[in-house]
Amino acid sequence: YPILKMFMKQLLALAALPMIAAPAMANPYVESKTTTALSDGTYKSAQTELRVGYEQKVGNGVTVFGELGPGYEWTSGADGQTVAVGEVGINFPIANKLTGKVKVAGEYGFDSEVFGLGGEVKVRYTF
């Protein structure tokens, strides 16, 4: 799986950046995540993941993070498959009570040999 190896090396390197920058202040964590999809009230798929991550405050309210782990995907009408998932991102203040988050996430299905990459941008106002 050359694409997976390339993706995993890059993701591990990005996830390690906060630890290299300030190892004494790294905040490791473990996270479980389950998502599901419905369409017209009909079950389409679900995925459960277990991730190990690091989060690092880098100053001025900015936090960087990286996560990596295995998962399992169930799809209606198809065989399930084991996946490798990863995510890197940054949380940052924009203005008083306004914050932003940008992340890039990737997934590789071992059985399907499909690599997917996506992103997300969030803006949050806190009252």
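## Overall composition

Of the 127 residues in the chain, 28% count as buried. The model described here is predicted.

The chain contains one helix and six strands, which follow the pattern α-β-β-β-β-β-β along the sequence. Among contacts with a separation of 6 or more, 47% are accounted for by residues 24 or more positions apart.

## The sheet

The six strands form an open sheet with antiparallel pairing, in the order β1-β2-β3-β4-β5-β6. Strands β1 (27-39) and β6 (114-125) stand at the edges; each has a single partner strand, so one side of each is left without a neighbour in the sheet. Direction ignored, neighbouring strands of this sheet are turned by 20° against each other on average.

Within the sheet, strand β4 (residues 81-95) runs antiparallel to β5 and is joined to β5 by twelve bridges. Ala95 stands opposite Leu98 in β5.

The side chain of Lys103 makes a polar contact with the side chain of Glu87, at 3.5 Å. Leaving aside residues up to four places away in sequence, Lys103 touches Phe65, Glu87, Val88, Gly89, Gly118, Gly119 and Glu120.

Technical notes
Residues numbered from 1 in each chain as written. Predicted model: local features only at pLDDT ≥ 70, side-chain atom pairs only at ≥ 80, totals over all residues. Heavy atoms only, no water. Polar contact = N/O pair within 3.5 Å; in protein donor to acceptor, adjacent residues only side chain to side chain. Contact = heavy atoms within 4.5 Å. Helix = DSSP H or I, 4+ residues; strand = E, 2+ residues; numbered from the N terminus. Buried < 20%, exposed > 50% of the residue type's maximum accessible area, 1.4 Å probe, protein only. Pairing = 2+ DSSP bridges. Axes fitted to C-alpha atoms, helices over the stretch in contact; angles between N-to-C directions.
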